[in-house]
Amino acid sequence: MLGVVRQKMLGQSLPKIRPAVSVLRSYSSAAKQMTVRDALNSALDEEMSADPKVFLMGEEVGEYQGAYKISKGLLEKYGPERVRDTPITEAGFAGIGVGAAYYGLKPVVEFMTFNFSMQAIDHIINSAAKSNYMSAGQMSVPIVFRGPNGAAAGVGAQHSQCYAAWYASCPGLKVLTPYSSEDARGLLKAAIRDPDPVVFLENELLYGESFPVSDEVLDSSFCLPIGKAKIERVGRDVTITAFSRMVGHALKAAEILEKDGIDAEVINLRSIRPLDRSTINASVRKTNRLVTVEEGFPQHGVGAEICASVVEESFAYLDAPVERIAGADIPMPYAANLERLAVPQVEDIVRAAKRACYRSVPLAAAA
Amino acid sequence: MATAFSAAKFTAQPFPLNPASTTSHDSSIVFAKPTSLFLGSTRKLRLTSYSKFNLSRRSGTVDAVSDVVKQKKSKSSPSLLITKEEGLELYEDLVLGRAFEDMCAQMYYRGKMFGFVHLYNGQEAVSTGFIKLLKQQDSVVSTYRDHVHALSKGVPARAVMSELFGKTTGCCRGQGGSMHMFSREHNVLGGFAFIGEGIPVATGAAFTSKYKREVLKEADCDHVTLAFFGDGTCNNGQFFECLNMAALWKLPIVFVVENNLWAIGMSHLRATSDPHIYKKGPAFGMPGIHVDGMDVLKVREVAKEAIGRARRGEGPTLVECETYRFRGHSLADPDELRDPAEKAHYAARDPITALKKYLIENSLASEAELKTIEKKIDEVVEDAVEFADESPVPARSQLLENVFADPKGFGIGPDGRYRCEDPKFTEGTAHV
């Protein structure tokens, strides 16, 4: 609720509610720094202490303290009944989670990476996403599937895919993609409290990154609304949408573009399903140009959906074709130089924004 | 423990694999010599009594002790298991595996290698014991811990090291990486990052071998496939599905379980209802054998029988090798959960030291000869690193290659040629 009010008050200041911290990046003296890892850990900790029906299940979440240390300390606090180490059986434990959710518990199922969720995808889609519909509202599934998504560094083709588009195409699922620590805390708490299945796509490379957080974010009742995007940087000339790690790249690109006289507006999508079409369209109606950025494969990706949405609703406002930046249309290579070419870099976003503004640019990497 | 006891009854009966033939019974071997402290860390979990059960019951699984092996055990003076040449070959392969993996660790900490690297230190006896018995056309399917499987199978150390450095001269041109070692020439079918993923693939390779022989009538096709995987995989559904089908269709495959007791930080005992993996074989109609995976000669004897069975068309075998990895799960694993006493226990059973002792005590080789081998391997590994260092990174144009076998993705036309090469195909509105 606080988050919704804050969105509406964007750009204005209201004495009672402090505006989003990242807009006040220059006023960092008051804000504390928190890594995304600690944000997720604290969110899990608070939700588990608030509601005994919440439990965590996954590989290495207990004694190993989490494959990426997200669940550090939780086993000692809550015991092995509520922080369950599982054998390597994704289909099995995802199914068990769904069954537990049917009967009123609130499982948080961790996939070591979302690549492994493909072994359980039958349960995510067929058992979790479709149940409320098939049972006409009798069986709701308050489950959260979370874990790192997308490319890491040098981990090869089978560990680097982005699943945002896959899960976001399925009705019955909510798909969230946090970027900063504030996003991580607020969205994870919202996801755990939500009565529907939520796919929570984190990013391994963001876990160690620190972001400033306000006291409001650190409050244990802090929650962000599902389905609202956040405008990280207000601009006038071109809209850049991004999610997860690409938001960082987009913000850096915006700084570079500013030197060239292009004032970019950066939208952190936060929620891929439901997609915040009204924020995106309102922004495009203001700037008239759009660049979508994502890490995943281009075909049928998130950018494709945003482009279609903008064409459907704001066609007359577009002054240039929509530019889509996505990962290369190949399985992720291992060699470091090839991997850099396969994932969007800041220069790619800068070039696309310039193309959208009809500036002459050197030819982009052959796609 | 109740469950253990009732299970004992099952496994004690010889499972009628093929009631008509008796040969299959005799060819199953037991190495009933109990290895002490198999479940080293069980003390912490208070299952010491379980391990005592273990020792006496293990012999119950298997049907008979091969005469050959009985003979060998009864004599104190050697009736040796290997010849000198074989011994030196095995020693060289073990040392290559160890030296290569140690070099990988060094290179990783120097930043030449990156991502996920899983090292095989300590488990070399399993790879050498099995793979050195294979022909070139036999296939090996492995997991992410696949460097040494590739090396044992014959992939040159240079190619593997280059692949790890991400260079274009690697066995997969730098596109696969540590976890995805493939070699068509040496029939190494990967290299899979997902555990359990390789097992159906291996079963398919074995299926092809049988198919070639029976349907395509290539009468001499007796290729065998080995599937290597760990204890964690044995809880995964794909494992059971493949045990079933391999036994059902009598496929020429050996399922080799490298039971190193740990799946990252998850102890085998915490994850598995019945930790005796070899018992899962008879449940599906194939022999299940347990062997000391730290002793390359024992592994080799079991492997001979299992591979022989497969080659003769008698069907699959499940072999559980009790082994241990000396390093953590991967180079990023701090390895805090394993008991140092357990690590020390297995370090004392290092397969390389054991084979060295055997060779010297039985006068098969001298210290000097073994030193020469070690020196040679050091040079091979150094050369591999130099080669990898000097190799170029992949060209930018390589980024988009190899996505399809068909270069432009339009498929193969009725005349057997790539459609995109047919000028007629690109007439009209099609834009290539």
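Chain A and chain B bury about 3100 Å² between them, 65% of it from carbon and sulfur atoms (buried area is the accessible area, 1.4 Å probe, that two parts lose on being put together, summed over both). In chain A, Ile88(A), Gln158(A) and Tyr334(A) lose the most area to chain B, together 23% of what that side buries. This is a predicted model: local features need pLDDT of at least 70, side-chain atom pairs count only at pLDDT 80 or more, and totals for chains, interfaces and linings use all residues. Residues are numbered from 1 along each chain as its sequence is written, and side-chain values use heavy atoms, leaving out hydrogens and water.

**The interface**
- Contact (heavy atoms within 4.5 Å) links 35 residues of chain A with 41 residues of chain B.
- Two salt bridges cross the interface, each a side-chain nitrogen of Lys or Arg within 4 Å of a carboxyl oxygen of Asp or Glu.
- One of them pairs Arg270(B) with Glu63(A), at 3.4 Å from N to O.

**A look at Asp333(B)**
- You will find Asp333(B) in the loop between β9 (317-322) and α14 (340-347) of chain B; helices (H or I, at least four residues) and strands (E, at least two) are DSSP runs, numbered from the N terminus.
- Beyond neighbours within four places in sequence, Asp333(B) is in contact with Tyr64(A), Arg325(B) and Gly328(B).

Key. Chains lettered and ligands numbered in written order.
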